[in-house]
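Subject: Structure handover

Hello,

Here is the structure we talked about. Please open it alongside this note, and then read on for what turned up.

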Amino acid sequence: MKKIIFFLTVIIVVLGFSYYQIEKKTKYDNFILEIDSSKPLRKSLETLPIAKSVFFKIYLKLNNGGKNIKAGYYEINGDYNIKDLISILESGKSKGYKFTIIEGYTVKNVIDKLVANGIGEREKYLSALNEIEFPYLTPNKNYEGYFYPETYFIPEKYDEKSTLELFLNEFLKKFPEDKYPDKEDFYKKLIMASILEREAALDSEKPLMASVFYNRIEKNMTLSADSTVNFLYNYEKKRIYYKDLEIVSPYNTYKNKGLPPAPISNPTVSSVEAAYKPAKTDYLFFVTKGGGAHFFSKTYKEHLDFQKTK
């Protein structure tokens, strides 16, 4: 009889402890979880803080092995127990979108992609740009250069303004305003960085390219950067021809000296760093030599001679 009572007591204690563990709540602070249908469920769930818990594994096993969990992106924010979490993943609650801004994209490219993916409306994005407050220079509410290239999780509840602020806040993380007190100088560097982002395929060449452009400015030469002209065509041209260089615009750096009036793309940290710390060279020209690399030269004759040998 004593043995029976002992075993019953043990069972009650185990069940009680298990119930406690299943009901015990864990705090999640804007935790992002991706359930990828192309991967085993356990791989998607392993980033959860409680994923290694034996009680989580048992509950999941008893709950149809997690077969009712839906693929997608989830923002988990608040206090949840194991049952709550499984319920969220099965219902699709707090579902969101995975969105990537590619290096060198323009603001137009980003908004076009958002709209194409069914995330918000174009008119509302354009309207939101006029409402946002931002610590750096945005002439005529031009936010070119400030949508930092990164992969983002956009909660389903976000409106157009919140989505754009998500991108801008990432930029501020990379470039805190207190680190760059001279906002006018920073804006000039951002313009240069945006050109480097479009011209350079290799990060290692960005400081060299920056030296070329700064040297040309110092010698009162035009930048003559194809990217600034292609910006006017929304980068839809695979190649810039001589006739394209006749376009009248302050962004045409073949006709106008100095930097264009605003960035021409959204650059990465490496491009901004190169704009601030160019290599010290006497180079004035560069031309592609294949594989993303460029040939740099000090004179126009060297520039032409190299092209003849290609």
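A residue is called buried under 20% relative accessible area, exposed over 50% and partly exposed in between, with a 1.4 Å probe and protein chains only. By that rule serine 249 is buried, because its relative accessible area is 14%.

The ground rules come next. This is a predicted model, in which local features need pLDDT of at least 70, side-chain atom pairs count only at pLDDT 80 or more, and totals for chains, interfaces and linings use all residues. Residues are numbered from 1 along each chain as its sequence is written, and side-chain values use heavy atoms, with hydrogens and water left out. Helices (H or I, at least four residues) and strands (E, at least two) are DSSP runs, numbered from the N terminus. Contact means heavy atoms within 4.5 Å. A polar contact is a pair of N or O atoms within 3.5 Å; within protein, one must be able to donate a hydrogen and the other to accept it, and residues adjacent in sequence count only if both atoms are side-chain atoms.

Serine 249

Serine 249 sits in the loop between helix H10 (226-231) and H11. A polar atom of its side chain lies 3.1 Å from the backbone nitrogen of tyrosine 251. Beyond its neighbours within four places in sequence, serine 249 contacts Leu232 and Asn256.

Helix H9

H9 covers residues 206-218. Its expected span is 1.5 Å times one less than its number of residues. For 13 residues that gives 18 Å, and the end C-alpha atoms are 18 Å apart, so the two agree. Which residues of H9 are buried? They are Lys206, Met209, Ala210, Ser211, Val212, Phe213, Asn215 and Arg216. Their cover includes helix H8 (183-199), helix H11 (269-276), strand E5 (285-290) and strand E6 (293-297).

Most residues other than glycine have a negative phi. Asparagine 140 counts as exposed because its relative accessible area is 82%.

The cores

A nonpolar core is a set of buried Ala, Val, Leu, Ile, Met, Phe, Trp, Tyr and Cys residues joined through side-chain atoms within 4.5 Å. The largest one has 50 residues, and Tyr146, Phe147, Phe167 and Phe171 touch the most other members. Helix H5 (107-116), H6, E4, helix H7 (160-174), H8, H9 and H11 each supply at least two of its residues. H8 gives the largest share, eight residues. A separate core has 21 residues, among them Phe31, Phe55, Phe56 and Leu60.

Phenylalanine 167 is worth a click. Not counting residues up to four places away in sequence, its contacts include Phe99, Val110, Leu114, Tyr148 and Ile154.

Tyrosine 148 is in the loop between H6 and E4. Buried or exposed? Tyrosine 148 is buried, because its relative accessibility is 7%. Leaving aside neighbours within four places in sequence, its contacts include Ile101, Glu170, Lys174 and Pro267. Its side chain reaches the backbone nitrogen of valine 269 at 3.1 Å.

The largest pocket

On a 1 Å grid over the protein atoms alone, a pocket is an open set of points where a 1.4 Å probe fits, with protein on both sides within 12 Å along at least five of seven lines; lining residues have an atom within 4 Å of a point. Grid points are joined across faces, edges and corners, and the volume is the space filled by probe spheres set on the points. The largest pocket holds about 1,200 Å³. It has 31 lining residues, and Ser224, Asp226, Tyr254, Phe286 and Val287 lie nearest its centre. H8, H9, H10, E5 and helix H12 (300-309) each supply at least two residues of this lining.

Two more residues

Threonine 288 lies in strand E5. Its relative accessible area is 38%, so it is partly exposed. A polar atom of its side chain is 3.4 Å from the backbone nitrogen of glycine 290.

Glutamate 46 is in the loop between helix H2 (41-45) and helix H3 (54-62). Its side chain makes a polar contact of 3.4 Å with that of lysine 43.

Best wishes
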